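Visitor: Hi! Could you walk me through this structure in plain words?
Guide: Happy to, let's look together.

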Amino acid sequence: MLSITHLWCSYDNDDPPVILPPDNAFLVVLYLCDAEHRDIWPDRPPGALKLYPKGSICLIDLQQGAGIAIQGGFEVLVFHIPYEHLAELADEAGEPRVEDLTVCRGIEDRTVRDIGAALMPLFDMADDVRDRLLVHVALAFNAHIAQRYGRPRYQH
């Protein structure tokens, strides 16, 4: 099942990095404000500090886990998409399964940005109202991600 989380925090230079364990899932991170962070890997030096502009996204495969060292303010919507969720959606729609998603960092995706803007008011709604609306928004989000970034197995 798709899960959506609104995260916000301010990080100092000496704060520990954010480390996500390996998972059979993808993350789509929508930046709600400009953010600076660097990628962290267990087997090599950290990446360069990079600015991720407000409205941009990162699509991350969590198969090997992920880590970032954040500097300053950080406000994002995080969409957690389990691998099996993509398969279930394709099966229900009678479409070919998406076996993989194209990983990207800091790109513009107006559809994800607009879906994120539509989701923000839902966080303040009553649970029953939010849950009825969220199903439809989540289906639109998943369809867009699968169509734009999806790759069937033969394209690897």
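**Helices, contacts and a pocket**

Guide: In helix 1 (residues 83-93), the buried residues are H85, L86, A87, L89 and A90. Buried means under 20% relative accessible area, exposed means over 50%, and partly exposed is in between, with a 1.4 Å probe and protein chains only. Helices (H or I, at least four residues) and strands (E, at least two) are DSSP runs, numbered from the N terminus.

Visitor: Where do the model and the numbering come from?
Guide: This is a predicted model, in which local features need pLDDT of at least 70 and side-chain atom pairs count only at pLDDT 80 or more, while totals for chains, interfaces and linings use all residues. Residues are numbered from 1 along each chain as its sequence is written, and side-chain values use heavy atoms, with hydrogens and water left out.

Visitor: Okay, what covers the buried residues of helix 1?
Guide: The cover includes strand 3, strand 7, strand 8 (100-101) and helix 3. Contact here means heavy atoms within 4.5 Å.

Visitor: And what follows helix 1?
Guide: G94 does, and its phi is positive, near 70 degrees.

Visitor: Which residues does N142 touch?
Guide: Leaving aside neighbours within four places in sequence, N142 is in contact with L2, I81, H85 and L89. N142 sits in helix 3. With H85, the side chain of N142 makes a polar contact of 3.0 Å. A polar contact is a pair of N or O atoms within 3.5 Å; within protein, one must be able to donate a hydrogen and the other to accept it, and residues adjacent in sequence count only if both atoms are side-chain atoms.

Visitor: Is N142 buried or exposed?
Guide: N142 counts as buried, because its relative accessibility is 3%. N142 and L2 are 140 residues apart in sequence, yet 8.4 Å apart in space, C-alpha to C-alpha.

Visitor: New topic: which residues of helix 2 are buried?
Guide: In helix 2 (residues 110-119), they are V112, I115, G116 and L119. They lie on the same side of helix 2 because they cover an arc of only 105 degrees around the axis. That arc is taken from the directions from the helix axis to the C-beta atoms.

Visitor: What's on the face turned away from that buried side?
Guide: There you find the exposed residues R110 and A117.

Visitor: What caps the N-terminal end of helix 2?
Guide: D109 does, with a side-chain oxygen 3.1 Å from the backbone nitrogen of T111.

Visitor: Tell me about H37. Where is it found?
Guide: H37 is in strand 4 (residues 35-39). H37 has a relative accessible area of 2%, so it is buried. The side chains of H37 and Y31 are joined by a polar contact of 2.7 Å.

Visitor: Last one: how much space lies in the largest pocket?
Guide: About 750 Å³. On a 1 Å grid over the protein atoms alone, a pocket is an open set of points where a 1.4 Å probe fits, with protein on both sides within 12 Å along at least five of seven lines; lining residues have an atom within 4 Å of a point. Of the 35 lining residues, the closest to the centre of the largest pocket are L20, I60, L62, A66 and G67.

Visitor: Which strand gives the largest share of the lining?
Guide: Strand 7, with eight residues.

Methods:
Points joined across faces, edges and corners; volume = space filled by probe spheres on them.
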